[in-house]
Amino acid sequence: DGEVHINELKNGNTEMFWNPTSEVRRQRLKRHIVLFEEQTDFESERLWQHVTSAINKGDQHKATQEKFVLEEEQRNAARERRETGTEWKPLLFQHDAGTNEWRYKYEDLRPWDPLNDIAQFEKDGILQTMERHLSTRMSNHKATCINNQITRHKRSAKDCRRRKTSDQPSNHSQNTESSCSTPESVQELSDDDGKYLGFESLCAQCGKEMNHLKEIHSAVLSLQKAQQDIHR
């Protein structure tokens, strides 16, 4: 996020290579890191701490020495594994035989969902996404509501049939329609009006979460519009 210059040693000329503007700096992503004392021995910040320190002090010779020490330790460890026949098993990467490349095991390539995804973070080398799960909760709760109401209708119909068979037949009972009727077939849920067709209206929790989801969606659309206006 600072200026970078190219110095030509032959003629002493200096050329500007990179000069980030204030707008570029504002667009920089916020960096989230694990606390140093909570890092394992092989995490980059801890493993390369002496190299980093030398670079920050401008000591190129010291940085090169520290880098050599790390690489020599890695070569010795690889040599010992070969001698003992120990297989190296990576924790976070796996080899793709088709492309002959190493791929991250936990990569998540799905598009970012602003309505459900809150933040992405790393824990023990595994990238994870914090989600609201609002739509999932609503779907599960709607399914529960439907199943409960189906059960109530079936129980009502069963009670009606039981009363019909237990009553003694008579001319009056044969000519009079029963007060109970067979429940109509369950129709599909309409997402447009948020009601269960053929059933009672949405329960309080379903209605509340649906209104909440609509408010979030409206807020996101408003933010997107504001961003477009700012860019214009």
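Let me start at Asp96, whose bridge partner in strand S4 is Glu101. This is a predicted model, in which local features need pLDDT of at least 70 and side-chain atom pairs count only at pLDDT 80 or more, while totals for chains, interfaces and linings use all residues. Residues are numbered from 1 along each chain as its sequence is written, and side-chain values use heavy atoms, with hydrogens and water left out.

Strand S3 (residues 93-96) and strand S4 (residues 101-104) run antiparallel and are joined by 4 bridges; strands pair if DSSP finds at least two bridges between them, and strands (E, at least two residues) and helices (H or I, at least four) are DSSP runs numbered from the N terminus. The two strands form a hairpin with 4 residues between them, and Asn100 in the turn has a positive phi of about 55°.

Turning to the helices, H3 (residues 49-56) packs with H4 at an angle of about 170°, their axes 8 Å apart, where axes are lines fitted to C-alpha atoms over the stretch in contact and angles run from 0 to 180 degrees between N-to-C directions. That makes H3 roughly antiparallel to H4, a term for angles over 145 degrees. In this contact, meaning heavy atoms within 4.5 Å, His50, Val51, Ala54 and Ile55 of H3 meet Lys62, Ala63, Glu66, Lys67 and Leu70 of H4.

Finally, H4 also supplies 5 residues to the lining of the largest pocket, the largest share; a pocket here is an open set of points on a 1 Å grid over the protein atoms alone, where a 1.4 Å probe fits, with protein on both sides within 12 Å along at least five of seven lines, and lining residues have an atom within 4 Å of a point.

Key. Parallel < 35°, antiparallel > 145°, perpendicular 65-115°, else oblique.
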